[in-house]
Amino acid sequence: MDSQADVAIIGGGPAGSAAAILLARAGRRVVLCEKESFPRFKIGESLLPHSLALFDKLGVRGELERHAFPKAGGEISTACGRRTQRFYFEGAMQLSHRSAYQVERAWFDKMLLDHAAAAGAEIRQPCAVRDVAFDKTGVTLKTDSGEIRAAYVLDCSGRNAVVGSQFDLKRRYDHLQKFSVFAHYENVQRDEGRDGTLTRLVRGNKSWFWLIPLDGRRTSIGVVMDIADFHAAKLSPEAALDEAIATAPIMRSRMAAARRITEVHAIGDYSYRNTRLHGPRWLLAGDAAGFIDPIFSTGVFLALHSAEQAAETLNFALRHPLLGRIRMASYARDLNRQMNRYLRFVSAWYTDEFVDVFTASNPPLQIPQAVNSVLGGNIHPNFGVWWRLQLFYLVLWVQKRHALVPRLEQTDGEAAPAATGTL
Ligand SMILES: Cc1cc2nc3c(=O)[nH]c(=O)nc-3n(C[C@H](O)[C@H](O)[C@H](O)COP(=O)(O)OP(=O)(O)OC[C@H]3O[C@@H](n4cnc5c(N)ncnc54)[C@H](O)[C@@H]3O)c2cc1C
């Protein structure tokens with residue numbers, strides 16, 4: 001089956017579906033190929049408040065209100081339980097929405113793709129794109145179900161990065177080569193009320209965990225470690241997850257009665273970026289453009305944000321072919337800037353001083369509220385947020401050299417009085 005389209009989209013994850021909805025609504029002929037049958041298991045369940053505006057625009061907010069789990073903020077604690085810091089989005093500076101959602105991705109991704117079909121996009125599924133060929137007037141996709149001829153291709157194929165791989169554009173960040181193992185569980189111990197909705201990050205010596213409540217019953221649990229440590233341990237992913245949980249006191253106690261309800265999944269090939277995000281007939285969005293370690297739950301947010309911008313860019317390029325390249329270059333600049341901002345946070349997370357400072361009680365000058373704003377997805381910080389962020393990085397720099405706040409000796413098993421702060 002062959003088709004003609006204005007835009008061919010590779011991948012039906014959040015980026016692909018969001019772009020398909022917006023382009024189809026703008027009257028563009030869209031064909032989207034997704035290689036998997038939905039629903040399917042996918043990791044990446046904790047969303048950010050700043051995505052709520054786009055959910056409204058996509059017309060899916062009602063579905064999220066009915067089916068998703070609310071999220072009030074996050075918590076960072078040390079694996080030994082000696083220091084804990086909670087942050088609530090309602091306390092963040094310059095954030096238009098004060099809460100977010102935790103979603104089961106199998107449901108969320110299918111819901112978005114169904115909306116893309118309802119908006120008028122042609123969905124081919126399961127249908128893998130095998131090759132993309134470019135010429136002066138357009139692009140030809142070879143797929144499992146025939147060829148697609150389109151004016152432009154938008155690559156939303158996630159970590160497969162179909163176009164980036166074809167042009168050899170993918171570059172890894174050496175200092176962020178991590179490995180993660182994860183599964184869904186029941187009966188993980190939760191706090192009462194809004195604290196039971198928080199995304200919890202538990203920081204150990206050489207690894208960190210996430211605990212994301214998916215609904216009243218299920219919790220997504222995962223651990224991230226250096227890929228070299230995983231290989232050196234010579235354990236299966238399942239055994240590595242069990243062992244990591246067993247050696248972190250907080251995880252051990254929260255999971256004392258837990259039961260695993262999915263198989264254990266593992267992902268290596270961590271943070272990377274493509275050296276170019278656009279070309280004459282192509283644009284990259286979401287993880288297909290770049291993937292930053294998911295500590296701060298920025299993946300779906302950046303996927304949706306870039307999809308929205310990509311849809312606007314391609315719509316413009318279809319209207320004004322001669323100016324399209326300029327607009328695509330500006331899209332790439334903006335997306336690179338957003339990824340740089342989160343890359344800096346992520347790189348800081350893996351330093352000891354980040355945890356020292358972040359879990360210290362009562363930092364002054366509303367610095368946490370500014371950090372919280374960016375972690376909530378505020379990608380256009382005003383001056384008040386901006387200077388506080390610079391100060392935060394300065395404090396980290398000084399903390400590395402002279403202890404401004406007490407240093408955490410990350411001795412996971414050590415008994416010590418626990419301290420919990422709230423930002
Ligand atoms: C361990 C881990 C934890 C994470 N936790 C979070 C989190 O808590 N919060 C968060 O926001 N993000 C998280 N992320 C990141 C998040 O999962 C991704 O950033 C997000 O899914 C990106 O969306 P996307 O649409 O760009 O790509 P994807 O969601 O990966 O979608 C890409 C789609 O393309 C399809 N595809 C691939 N190749 C082809 C092909 N050749 N032809 C057709 N279809 C193809 C795939 O089947 C897939 O459905 C996490 C990631 C990891 C690895």
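Biologist: What makes a residue of this protein count as buried, and what share of the 423 residues do so?

Modeller: Buried means under 20% relative accessible area, with exposed over 50% and partly exposed in between (1.4 Å probe, protein chains only). By that cut-off, 59% of the 423 residues count as buried. This is a predicted model, where local features need pLDDT of at least 70, side-chain atom pairs count only at pLDDT 80 or more, and totals for chains, interfaces and linings use all residues. Residues are numbered from 1 along each chain as its sequence is written, and side-chain values use heavy atoms, leaving out hydrogens and water.

Biologist: Nice! How many helices and strands are there, and what makes a run count as one?

Modeller: Helices are DSSP runs of H or I with at least four residues, and strands are runs of E with at least two, numbered from the N terminus. On that basis the protein has 13 helices and 22 strands.

Biologist: Why is the protein called as compact as a globular protein of that length?

Modeller: The globule rule is 2.2 Å times the number of residues to the power 0.38, and the radius of gyration is taken over C-alpha atoms. That radius is 22 Å, close to the 22 Å the rule gives for 423 residues, so the protein is as compact as a globular protein of that length.

Biologist: How do you know which residues join domain 1 and domain 2 in contact?

Modeller: Contact means heavy atoms within 4.5 Å. The domain bounds come from an automatic or database domain assignment, and the centres of domain 1 and domain 2 are 33 Å apart over C-alpha atoms. Their contact takes 14 residues from domain 1 and 12 residues from domain 2.
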